[in-house]
Amino acid sequence: MEASISPVMSYEDDSPGGSTAMSIDRLFPALLECFGIILCGYIAGRANIITPTQAKGLGNFVSKFALPALLFKNMVLLDFGNVNWSFLWSILIAKVCVFLVVCVLTVLVACPESRFSKAGLFSIFATQSNDFALGYPIVEALYKSTNPDYLQYIYLVAPVSLMLLNPIGFALCEVQKWKDQENQQQSKLRVMGHVLLQVLKNPIVFMVVIGIIAHFVLCQRIPAFMAEFVDGLANSFGGAALFYLGLTMVGQLRKLTRSTVVTLILLTTAKLLLMPLICKDMVDLLDNGNSSSQNHSSLSNYAFIYGVFPTAPSVAIYAVYYNAELEVVTSGMVISTFLSAPILYVSAWLLTIRWMDPQRLMDALQNVCFNISIVSLVTLVWTLAVLFLSKKYKRLPHMFTVNLLMAQGLTCVGMILWNFVVKTDNFIGQVLTFTLLCTSLYGTYVWPGLIALSLVLMKRFEELRVSPGVFVIVGWAIPALVTAVLLVSGGKMPDTTDPSFFYGKPQIISTTIILALSILLAGASFVDLSRGTWDQNDQIPERDTSCRITEDLTTDSESETPANTSINAGRACLICDCAPAQPMPDMIISTNMHNTPDTLSGPCGERCESSDCLLLKVEELQQASDRQTARHVLLCLLLTVTSLANLSSCLWLLFNRVPGRLYLELQFFCAAANFGQGFISFGLFGLDKHFILLPFKKRLHRLWNRKRAEEPAQADLPEEIRMTCHQFTKYHKEQCSQDIVQKRRCGRRTMVACFLGSELVEWLQQVGLAQDRGEAVLYGTRLEQGAVLQHIQQEYSFQDSQLYYRFTA
């Protein structure tokens, strides 16, 4: 809730007499129609009614016949006399700005091996909207009865971006292909010529050019002999395109991996937050003196609606063509499509309500903040309890995370108190509550940048090199100092109950400065962290630590073992049987009957006691030393996105005397983001894997094993698991054992032939059984479910981590 609600209360209607510039009556039916057809396509693909090969045929029809015919028809009939060229320039400049921001940041952040292809595809993803299949029905529902000329802007904006921005993205992808070639024989000029030729051969671009020429030759009329033919193809586009969009969504979210989540968050933010805001700002800036106040406001709102349109499915086709970032593009297309629906509906609803009662708006906003704060405070108390009970608060960077959680909790407490204090005339109580609320809220803005900076320092020097107390002092001193300056020099606004506008414009300026500095610090830290993937940064130190722990424990064990019982090749146990092996399905046993050892006893004739297993101690110590760098990066990234929304709210209010109704939507989002930060923290740290989830899962696993022991072994195994286990056991298991299985010390007289879960994940990727780490984990999970492998003590399911596993036979 970062800018005042007060200016919104002085908002005046867009048109005289309170009439609105759009109609929302048909918006919900239009959204229901669009997403209903998408759902039908998804069901058809999920049920395999239409196969992927058949879906490609439908996609070719849509992109190479129906859409070009639609564009040709509308280019011929387009009335250029009623076009507001300032609006078109505004949208084009906004798209160029977003394109350049995404492109430059990707080149700076991405790894050198694929930076140009990522920059090209990600920039196209953030700027190419689904204008015709999804956008046109929504614009038609909103503006057909009030501003029908707005419909033609869809046909003007989309082809221009296709012909101007997409070629730049294609050029970057072609440069990446040229760099990846071993013998770079093609010249750069030839590469650029190839890109230009591909753009001109695109049916969409080609038919736009032909349509514009026909517009002047045929005098805005399609000849009667071809009108029915063109109409038939053009009218088939809408339903077919939406149905095809549903087909393309099948199975895309399965491809999400931990490494793609960060990229998806940034791309979705650029598409659904940055794009609409810049579109609206550009129209406000460039079209201010070219139209009436009513039409200018309507065009500004229309620009915001246009910016929310989700990414077009054609971007996925580009990703397939260049064989790059397919998982990110397809998953992002699905997520942006479904996130755009509520944003579009809420935005249109706010723009069409005829009046807003100031008191009701303030009460609604206060209730939202109050309710979210209560629930968020509960989640924060839980998360802090987990960090303290697991003793992670003593280590870095969890020590700083605790300070962030405390700031978030105090923010919620301050908001709860403010809800009661604001209703009284107690000025001292209001000032004290404001001090608590403002200081803690500023703290939630400062700490993400400091945590990101600490991760950079620990990455470079393997330790902080700066006293943690310095970070703690800075994290609390800056918010306290800014709040003190406001209290001393500022003046309380009369008749203001909004804590974000308690001290007026000086408070908004202070908030803007803190947010901007924190975003810059966090952004620079993310760029440095991305120079090497943070997943790898986590794993390499952990492996070194694991080796050191193993060596230390082994030395201790050997010092306690008498000389006459020292381990030798003749007496070493080759298998550490900490628990009985799970029964294997008959189908899998049959493939290894000639080579099945006795898993219940080793050459020593005695079983390994779990309490003496050194590898289990290694796992426990490894879990205790986990910095959870990936989770901290994700936490800082999500909070930085909310800071961007707050910064937009402040700038919107500073540069617009009457911010308008869309500002109210941003206001409610900022309120939910500021006082609901506890949900993000709880999702990342409240369900601690080693402290809560794995012990709970271990108990369920034991109950499940007990139940399975009483039932036939292969009764409930799906066919997919059976085939995966059969394939691996017959063709890959022997080679895998040679590559990754090692004999490690388990007890004083026992050794175990085992491997790390992360080692199997990497091996599956190397041999081509999995395309990424996510698929490798799914493959390993199937092997674990089919009893081909198991944890050395059968406590955990298969994970991409430093846990030890072994093959059961």
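A residue is called buried when its relative accessible area is under 20%, exposed when it is over 50%, and partly exposed in between, using a 1.4 Å probe and protein chains only. By that rule, D284 and K280 are both buried. The structure above is a predicted model, in which local features need pLDDT of at least 70, side-chain atom pairs count only at pLDDT 80 or more, and totals for chains, interfaces and linings use all residues. Residues are numbered from 1 along each chain as its sequence is written, and side-chain values use heavy atoms, with hydrogens and water left out. Helices (H or I, at least four residues) and strands (E, at least two) are DSSP runs, numbered from the N terminus.

**Salt bridges**

- A salt bridge is a side-chain nitrogen of Lys or Arg within 4 Å of a carboxyl oxygen of Asp or Glu, and the count here comes to 5 salt bridges.
- One of them joins K73 and D231, with the closest N and O atoms 3.2 Å apart.
- K73 lies in helix α3 (residues 52-77) and D231 in helix α10 (residues 224-235), so this pair ties together parts that are 158 residues apart in sequence.
- D231 is partly exposed, with a relative accessible area of 22%.
- K144 and E140 also meet through their side chains, at 3.5 Å from N to O, and E140 is partly exposed at 22% relative accessibility.
- D284 forms a salt bridge with K280, where the closest N and O atoms are 4.0 Å apart.
- These two residues, D284 and K280, sit 4 residues apart in helix α12 (residues 258-286), a separation of about one helical turn.
- Here is a handy rule to remember: an α-helix has 3.6 residues a turn, so residues three or four places apart point the same way.

- Two strands pair if DSSP finds at least two bridges between them.
- Strand β2 (residues 751-756) pairs with β4 in the antiparallel sense over 2 bridges, and F755 stands opposite Y805 in β4.
- Strand β3 (residues 789-791) pairs with β4 in the antiparallel sense too, over 3 bridges.
- H791 has Y805 of β4 as its bridge partner.

**Cysteines**

- A disulfide is a covalent bond between the sulfur atoms of two cysteines.
- The test used here asks for a pair of cysteine sulfur atoms within 2.5 Å, and a search of the whole structure finds 0 disulfides.
- For C97, the closest cysteine sulfur is in C279, 9.6 Å away, which is too far for a bond.
- C97 is partly exposed, with a relative accessible area of 30%, whereas C736 is buried at 0%.

- Patches are made of residues with over 30% relative accessible area and no salt bridge; like charges are joined within 9 Å, and nonpolar side chains (Val, Leu, Ile, Met, Phe, Trp, Tyr) within 5 Å.
- Accessible areas come from the Shrake-Rupley method with a 1.4 Å probe, and for residues only the protein chains shown count as cover.
- V160, M163, L164, F206, V209, I210, I213 and V217 form a nonpolar patch with about 650 Å² of accessible area together.
- Helices α7 (151-180) and α9 (203-217) each supply at least two residues of the patch, and the largest share, 5 residues, comes from α9.
- V209 lies in helix α9 and is partly exposed, with a relative accessible area of 38%.

**Comparing helices with their expected span**

- The expected span of a helix is 1.5 Å times one less than its number of residues.
- Helix α6 (residues 131-143) has 13 residues, but its end C-alpha atoms are only 15 Å apart, short of the 18 Å that a straight helix would reach.
- In α6, 11 of the 13 residues are buried, so this helix is largely enclosed by the rest of the structure.
- Helix α25 (residues 661-675) has 15 residues that should span 21 Å, and its end C-alpha atoms are 22 Å apart, which agrees.
- α25 is mostly covered, with 12 of its 15 residues buried, including R661, Y663, C670 and F675.

**L487 in helix α19**

- L487 is found in helix α19 (residues 468-489) and is partly exposed at 28% relative accessibility.
- The C-alpha atoms of L487 and Q507 are separated by 9.9 Å, with the two residues 20 apart along the chain.
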